[in-house]
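Thanks for coming. I will take you through one model this morning, starting with how its parts are arranged and then moving to the ligand.

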Amino acid sequence: MGRAAGTALPPTRMSLALGLVGLPNAGKSTLFNALTRGGATVASYPFTTIDPNLGHVPVPDPRLEALARVLRPERVVPATIRFIDIAGLVRGASKGEGLGNRFLAHIREVDAIVHVVRCFTAGDVAMVEGDLNPVRDAEIVETELAAADLESVARARAAAATRAKSGDAHAKEQVAALQRLEQGLATGTPARRLAVEEPAREIVRDLRLLTAKPVLYVANVGEGDLPAGGAHARALRALADRQGAGFVALAARLEAELGDLSEEDARAYLEAVGLREPGLPRLIQASYALLDLVSFFTVLSNEVRAWPAPRGTTAVEAAGKIHTDMQRGFVRAEVIGWEALVAQGSLQAAREHGAVRVEGRDYVVADGDVVTFRFAV
Ligand SMILES: Nc1nc2c(ncn2[C@@H]2O[C@H](COP(=O)(O)OP(=O)(O)OP(=O)(O)O)[C@@H](O)[C@H]2O)c(=O)[nH]1
Ligand SMILES: [Mg+2]
């Protein structure tokens, strides 16, 4: 296809991961268990728990269900995202308290943060800080993340300063830019809300700052506070709004229990607490959005499948998610929106009616596209 042999291809990325972060006893593991088990009931996808703290969770998607209803494949495979259950953090973690550094290293690995904040009272579950105060709890966690970032940036600045001393003019600019970033972090502003000046951009990207990651707050509320969530959840939502962060309120223990029930019993349970639907699908969809992923679909004779792709993914990159051969031998992509395909009833009908477009390798895949890749090996 006119490509020089041996040209390096962009690496096919592993699926993106979200870390469950929060104080001890916030309900992270309870929520993780609900996610990894509740997820299994969403579709036929055989979810894998790679280790007890890392799970693939299927993403519920009404568009995929609509396609499946019309196309009647043998298998329906949803997109998945990874959740990592991270050990609880305590005040002083950035100085090595509790599980300190190990905890922070795990957060550095993830692409986005689901910050679980305790909003339930239960006499038998100890509160690390003595009383219930979700906004304070959230701020303790954020302060630790910011302190760790401040240290990372200070170290990078010191390294740049050493290079500047040996006469590197660019390093001098980097020092100045890093200094300004440090000042912003020191006032408690998360890195995601600070502009990084060009000379320091690459350095900062490599630091993988903890407060640069997108955040979704989960208010873990008591069953008695459902359906609205209560005053504590409201306070936390206000904090999330101030930060421009995502927010979901749910009761983790109830969500975990729902996974053990028959569909009928689960419905009755939800009704009893005044909920129209469980909270997990909402949380998973919000998490998916937090990662800034779009979904494209593939249709084979016996399988309809959803694939996650970072917004802006091109057709040739999307092909590479499925198979490196498809990427290497990419010829073209045949594209139709999911709604149009549902209306047409089958890919064949869609082709006959001229409803399928032909796109080249640089086509940017849109959310909801159904794509057939043509490739030559
Ligand atoms: N009443 C109530 N209890 C909950 C809820 N979620 C969690 N718990 C209880 O809170 C305790 C701590 O929950 P975990 O899920 O282990 O908390 P964690 O955040 O993983 O804690 P660490 O791993 O120590 O950081 C357990 O006894 C849970 O049963 C909830 O929604 N309602
Ligand atoms: Mg835990």
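How far apart do the C-alpha centres of domain 1 and domain 3 lie? The answer is 31 Å. Please keep in mind throughout that this is a predicted model.

Let me give the domain bounds. The protein chain is divided into three pieces: domain 1 covers 17-141 + 212-290, domain 2 covers 149-201, and domain 3 covers 293-375.

Now the contact between domain 1 and domain 3. On one side, 17 residues of domain 1 take part, and they touch 20 residues of domain 3. Together the two domains bury about 1,700 Å², and carbon and sulfur atoms account for 65% of that area.

Next, ligand 1. There are 17 residues around ligand 1, and those that come nearest are Asn25, Lys28, Ser29, Thr30 and Asn220. By class, this shell consists of eight nonpolar, six polar and three charged residues.

I will pick out some polar contacts. Thr30 places a polar side-chain atom 2.6 Å from an oxygen atom of ligand 1. Arg253 has a polar side-chain atom 3.2 Å from a nitrogen atom of ligand 1. As for cover, ligand 1 taken alone exposes 650 Å², and the protein buries 77% of that.

Which elements give two or more residues to the shell around ligand 1? Helix H1 (28-38), strand S7 (215-221) and helix H8 (252-258) do. H1 gives the most, with three residues.

Last, two points of backbone geometry. As background, most residues other than glycine have a negative phi, and most peptide bonds are trans. Leu226 and Pro227 are joined by a cis peptide bond, with omega about 5°. Pro227 sits in the loop between S7 and helix H7 (230-243), and S7 is one of the elements that contribute to the ligand shell. The other point is Arg72, which is not a glycine but has a positive phi of about 50°. Arg72 is found in the loop between helix H2 (62-71) and strand S4 (75-77).

That is everything I have; I am happy to go back to any of it.

Note on methods
Residues are numbered from 1 along each chain as its sequence is written. Chains are lettered from A and ligands numbered from 1 in the order in which they are written. This is a predicted model: local features need pLDDT of at least 70, side-chain atom pairs count only at pLDDT 80 or more; totals for chains, interfaces and linings use all residues. Side-chain values use heavy atoms; hydrogens and water are left out. A residue is near a molecule or strand if one of its heavy atoms lies within 4 Å of it. A polar contact is a pair of N or O atoms within 3.5 Å; within protein, one must be able to donate a hydrogen and the other to accept it, and residues adjacent in sequence count only if both atoms are side-chain atoms. Accessible areas come from the Shrake-Rupley method with a 1.4 Å probe; for residues, only the protein chains shown count as cover. Helices (H or I, at least four residues) and strands (E, at least two) are DSSP runs, numbered from the N terminus. Ala, Val, Leu, Ile, Met, Phe, Trp, Tyr, Cys and Pro count as nonpolar, Asp, Glu, Lys and Arg as charged, and the others, Gly among them, as polar. Domain bounds come from an automatic or database domain assignment. Contact means heavy atoms within 4.5 Å. Buried area is the accessible area (1.4 Å probe) that two parts lose on being put together, summed over both.
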